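Here are my notes for you, as numbered points. Have the model open while you read.

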Amino acid sequence: MSAILPFRLRALPAALALLLTAAGCTDLDAPIESEYTPSNFLTTPEQFIAASGPVYSQMRGEIAKAYWNLQELSTDEAVIVARNGNYYDGARYQQLSLHTWNPQNQFVRVAWEWGFSGISTCNRTLALFQNTPDGAFKTQFTAELRTMRALYYYLMMDAYGNIPLVPEFGSTAQPTNATRQQVFEYIERELQAALPNLSENVSAQTYGRPTQSTAQALLAKLYLNAEVYIGQPRYTEAIAACNVLIKSRKHSLATNYMDVFAVENGPQVSEIIFAVPFDANLAQGNMMSRFALHQQMKDKFGLLFTPSNASLTWPEFFALYREPTDTRNQQWLSGKQYLSDGRTPVLISTTKKGLDSRYTGSDGSAPISYHLTLSDTLTFRDAAKFDVGNDELGKAQGTRNIKYYPDKSSTSRDQGNDLVLLRYADVLLMKAEALLRGGQDPDGATALSLVNQVRTRAQVPAFTALTLDMLFEERSREMAWEGWRRTDLIRFGKWEAVWGQGLKTNAEPHRRLFPIPATELTLNTNLQQNPGY
């Protein structure tokens, strides 16, 4: 690790820089108590941030990888195809797309381990805080860690359902499953208890850490999905949480949609409510664009690394982007490709056989220059393996997402865009949906006016009427690639639908939850597997 922070980190306050560097260099298995005691630590904000570092480091670990895979590759939004065997990887990606996963699936296991390691790290750090003298710093940072723990629990409860409530640090008891309602109520209590002691300040000083805005946005998520989680509508409560955020005027829609996810995104983007900070060198783990880009995009984006050309979107999802003026179209790469000047074609020197391995003419070795054209469709040469071939036509299959714009300063697969988990546009859409589902708003806002705020920013005509299906499509366009698609599909009753060009037909309702990993059941015999697995 370089002793000289890159400009992006040097420009942030020392507290955030310390959080990133401390978290990035911390062994999560190290006993925190052996390093920091009340006699030598935890008297200043910077010291509390450093002690909290492992909690945030753990969040970076798989939020943009295994967890994202569960939330997106299991939907109509994202797919990883094989290319003459490359990326087949024992069908682990196809299992997510086809809804045929089992308790041995790698992503099911890794996401569980990531989430519960985060919960355990919160418990360890909170135990350390308990041993420090009372004071304002202790109160605030305890509230922040309780909110982070609630966030980890929320993500795990959403994915796995009846999860264990892990005992406080120091207990040796093996936990049993709690019901989803018990976990729901625990998350609600924790957020409500933490709220008064979280910072109201939304600035560079609090960026990357939970604030009151973070807790309200997470409560809105919890309540919006309550009918799925506990069978009880809580839409009026979702509206109330959204109203606090809206009335605070601490957040607003960014003028430019793509700025929210740019390499330089950060505390200056008022739309961001909570983000997971990444840096290509100091805080690694965001590899979004590395997996989406064709190898020949290296020159188009001035990259110092070669992309992987793995993740695409299904044609049916891309078809939702129907309006040519929609600024959200900028997150997609499709059709003929040009260099950054917009005029010079991306050309690939190959042969007729290299272009299409199925070519049978006698002049297969004849050289040709192919203008790279990313197809809007997917043509599988082996549908059972999602294999599109590995010649130039195969490599060009599918539309690519670059919402997290490629980082041309990175020398590796990692990039510096912070991953945005909660943002203001989502709040507007959540409130609109809660209104359409029967929630009551004392402020008298209409769902139509809220959705049209988002559409105006996207530079598309305002709706004159609004239905839940229209809102679902608008949410699809606005929130693509952000890790909420699975949750949205389940809430809108579309999880069991057919998609993926008709390949995904499995409609087993028990797959609304992922299974508890087989390894966890072996380690803790008190746990009971989710029904259906």
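1. Start with tyrosine 257, which sits in the loop between helix H12 (235-248) and strand E2 (272-276). Helices (H or I, at least four residues) and strands (E, at least two) are DSSP runs, numbered from the N terminus. A word on the source: this is a predicted model, where local features need pLDDT of at least 70, side-chain atom pairs count only at pLDDT 80 or more, and totals for chains, interfaces and linings use all residues. Residues are numbered from 1 along each chain as its sequence is written, and side-chain values use heavy atoms, with hydrogens and water left out.

2. Tyrosine 257 has a relative accessible area of 1%, so it is buried (under 20% relative accessible area, 1.4 Å probe, protein chains only). Its side chain makes a polar contact with the side chain of lysine 403 at 2.7 Å, and also reaches the backbone oxygen of glutamate 478 at 2.7 Å. Polar contact here is a pair of N or O atoms within 3.5 Å; within protein, one must be able to donate a hydrogen and the other to accept it, and residues adjacent in sequence count only if both atoms are side-chain atoms.

3. Tyrosine 257 and glutamate 478 are 221 residues apart in sequence, yet 9.1 Å apart in space, C-alpha to C-alpha.

4. Aspartate 407 is in the loop between strand E9 (400-401) and strand E10 (419-423). With 4% relative accessibility, aspartate 407 counts as buried too.

5. Now H18 (residues 424-436). Twelve of its 13 residues are buried, so the rest of the structure largely encloses H18. Glycine 438 follows H18, with a positive phi near 110°.

Note on methods. Buried < 20%, exposed > 50% of the residue type's maximum accessible area, 1.4 Å probe, protein only. Expected span 1.5 Å × (residues − 1).
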